[in-house]
Amino acid sequence: MVNFLPTPAKSHYTFSLRDFARVINGLLHIPPARMTDPDKLSGFGYTKHTGVMLFTMVKKSCYEGLRQQMDKVCEALVPEEEQLGPQHIRNLFYGNYGNPDSDAKIYDEITDMNDLVRVMEYYLGEYNMVSKTPMNLVMFKFAIEHVSRVSRVLMQPNGKRPLGWHRRVW
């Protein structure tokens, strides 16, 4: 709470234990056998806090708390001759939708963006086959980010909200 104080640009944002609990709950979805590398653990934490304004604070806090350099953890995401920035963290995806043919949905890092697009298009095709109102969508990065967030929310305890819940939130 000391490091993540509201600022004039984001005065509505206050860090709470509920935010931290969501990160921990997300970590619990990853099987321990898939979390053998400390860099992977740090990378998962970064996906939860990718806002431009929070980037510097998260980078500093993760080093102080986990003793992991964010530049080292995310080096595979950054092209040569560039410095790590919030735009690179957007390429870090975790989810349980990576292998649609598997019965066991394992929550893990998704490393191949092209494969991720194909998987999302597969799920969209499956939906369109059974829906009375098929959707003709293009699966680009921003859309996939949103699908990933919605998937993560639905996995959380009490994640399935009743119809119309968005009206009460906004």
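This is a predicted model: local features need pLDDT of at least 70, side-chain atom pairs count only at pLDDT 80 or more; totals for chains, interfaces and linings use all residues.

Reader: Which residues make up the largest nonpolar core?

Author: That core has eight residues: Phe93, Tyr97, Ile110, Leu116, Met120, Leu124, Met139 and Ile144. Helix 6, residues 113-130, gives the most to this core, with three residues.

Reader: And what does tyrosine 97 touch?

Author: Leaving aside residues up to four places away in sequence, tyrosine 97 touches Ile110, Leu116, Val119, Met120, Tyr123, Ser148 and Ser151. A second, separate core has seven residues, among them Val73, Cys74, Val78 and Ile89.

Reader: Is methionine 135 buried or partly exposed?

Author: Methionine 135 has a relative accessible area of 35%, so this residue counts as partly exposed.

Reader: What about helix 7: how many residues, and which are buried?

Author: Helix 7 has 15 residues and reaches 21 Å from its first C-alpha to its last, close to the 21 Å expected. Its buried residues are Ala143, Ile144, Glu145, Ser148, Ser151 and Arg152.

Reader: Glutamate 145 is a charged residue in that list. Which side chain does glutamate 145 meet in a salt bridge?

Author: Glutamate 145 pairs with arginine 90, at 2.6 Å from N to O. The pair links distant parts of the chain, 55 residues apart: arginine 90 is in the loop between helix 5 and strand 1, and glutamate 145 is in helix 7. Glutamate 145 is buried, with a relative accessible area of 6%, whereas arginine 90 is partly exposed at 33%.

Reader: How many salt bridges does the structure hold?

Author: There are three salt bridges. In one of them, aspartate 71 pairs with lysine 59, with the closest N and O atoms 3.4 Å apart. Aspartate 71 lies in helix 4 and lysine 59 in helix 3, so the pair ties together parts that are 12 residues apart in sequence. Aspartate 71 is partly exposed at 36% relative accessibility, and lysine 59 is partly exposed at 28%.

Reader: Where do arginine 118 and aspartate 115 lie?

Author: Both lie in helix 6, three residues apart, about one turn of the helix. Aspartate 115 is partly exposed, with a relative accessible area of 33%.

Definitions and conventions: Residues are numbered from 1 along each chain as its sequence is written. Side-chain values use heavy atoms; hydrogens and water are left out. A nonpolar core is a set of buried Ala, Val, Leu, Ile, Met, Phe, Trp, Tyr and Cys residues joined through side-chain atoms within 4.5 Å. Buried means under 20% relative accessible area, exposed over 50%, partly exposed in between (1.4 Å probe, protein chains only). Helices (H or I, at least four residues) and strands (E, at least two) are DSSP runs, numbered from the N terminus. Contact means heavy atoms within 4.5 Å. The expected span of a helix is 1.5 Å times one less than its number of residues. A salt bridge is a side-chain nitrogen of Lys or Arg within 4 Å of a carboxyl oxygen of Asp or Glu.
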